[in-house]
Every structure is written in structure tokens, then in C-alpha cells.
Amino acid sequence: MIYLELFFSFLQIGLFSIGGGYAAIPLIQNQVVDTNQWLTMTQFADIITIAEMTPGPIAINSATFVGIQVAGIPGAIISTIGCVFPSCVIVLILAYIYYRFKELNMVKGVLAGLRPAVVAMIASAGVSLVIMAMYGQRKLPANLTSINYISVAIFVVALTILRKFKVNPIYIMAGAGATGIIMYSIF
């Protein structure tokens, strides 16, 4: 029964995650943490981090890692198929429609209208992960002074290096991980 639950949960994610992997993060969080309670928010943040660091789309990597965590290798296969299947069908249909009707103003208007919604979903996922990293919990605490200063310092330094020196993000993630290991073992 868990396989059907995994398949249909990730089928929903694949069906409604318009805008790519980052837009899917809130949907994955809703299914995995809130609705089915397969993972805690901390485990979810760890899986998103791993999915971000591994090659491939973040939604598919997340589906694979959640499937492994919940039901082993068969769960990984089932959840990955559930995540990919709607996209394949929808892309085939939309490609046909787009090439047939791409000059219509209505099609151009629909695409322009979807952009702000996708940006809002990505921002929502980013804010949730930043709050989790900075405060160790899902929502902003009443006492905002309980911030994790090590996480803030690593974030600021990594962002500064990334933006100022244009270093490859892989090196930034590896350096931030190594710095975190060192800093959290000392403090």
C-alpha cells in the first residue's frame, strides 16, 4: 500500500509543479512532511540539500531520495516514476498545442501570467529553507534572537564568494559543508 501512496503523492507533485524543481519544493514538503508525515522537516531539509547537490532535476532527485527513505529501492523507483509520468504526458500535449497555436495572443498571455506565480513559489520554498537553517524550525519563532549564527555566517560568506568572485556553486556547497562540519564540531 505504501507504494501506491508514494506513486500518487509524487504523481500529484509531478502534475502540479509548474515551473520546475524549485517550484515543486513546497508541494513536496506538503506531501512528504505535512500530509503523509513520512519525514520530519529536518529530514526534508537534508533531502533537499542532497537533491540539490546531486546531478539532475531537484524534484526527481527528491522523489528518489524520499522513496528510498520510505520504502527502499522499490519505493525510489515508484516515486520517481510517479514524479516523471505527468511531466512527460503534459510536455507532449503542450508541445503539440504550442507549435500549433504559438502565434495566438491568448497563449502568450497565459505564459506571461504564469511567471509571477512560479517566482512566488520559488521564493516561498527559499524562505522556508532559510528559516529552517537559521532557526532550526519551520516557522519564525516568537523570539527572533535565537538565531543560529554559524548558519548565518556560512550563508553570508558563501553568498558573498558566489556573487563577488563567481566561483562554481559546487565548490561553494562543498566548502560550506566542510565549514559546517568544522564549525559545528568545534562549537
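A term to settle before we start: a residue counts as exposed when its relative accessible area is over 50%, and as buried when that figure is under 20%. Keep in mind, too, that you're looking at a predicted model.

First stop: select Lys-166. You'll find Lys-166 in the loop between helix 6 and helix 7. Is Lys-166 buried or exposed? Its relative accessible area is 62%, so Lys-166 is exposed. Check the backbone while you're there: phi is about 55°, a positive value although Lys-166 is not a glycine.

Now hop over to Gln-37, in the loop between helix 2 and helix 3. Here phi is near 55°, again positive in a residue other than glycine. Gln-37 has a relative accessible area of 63%, so this residue counts as exposed.

Next, go to the largest pocket, which has a volume of about 1,300 Å³. To centre your view, select Thr-49, Leu-129, Ala-133, Phe-155 and Met-173: of the 32 lining residues, these are the closest to the pocket's centre. Then colour the elements that each give two or more residues to the lining: helix 2 (21-35), helix 3 (41-53), helix 5 (105-135), helix 6 (149-165) and helix 7 (169-186). Which of them supplies the largest share? That's helix 5, with 8 residues.

Last step: colour the lining by residue type.

Terms used:
Residues are numbered from 1 along each chain as its sequence is written. This is a predicted model: local features need pLDDT of at least 70, side-chain atom pairs count only at pLDDT 80 or more; totals for chains, interfaces and linings use all residues. Side-chain values use heavy atoms; hydrogens and water are left out. On a 1 Å grid over the protein atoms alone, a cavity is a set of points where a 1.4 Å probe fits but cannot get out, and a pocket is an open set with protein on both sides within 12 Å along at least five of seven lines; lining residues have an atom within 4 Å of a point. Grid points are joined across faces, edges and corners, and a volume is the space filled by probe spheres set on the points. Helices (H or I, at least four residues) and strands (E, at least two) are DSSP runs, numbered from the N terminus. Buried means under 20% relative accessible area, exposed over 50%, partly exposed in between (1.4 Å probe, protein chains only).
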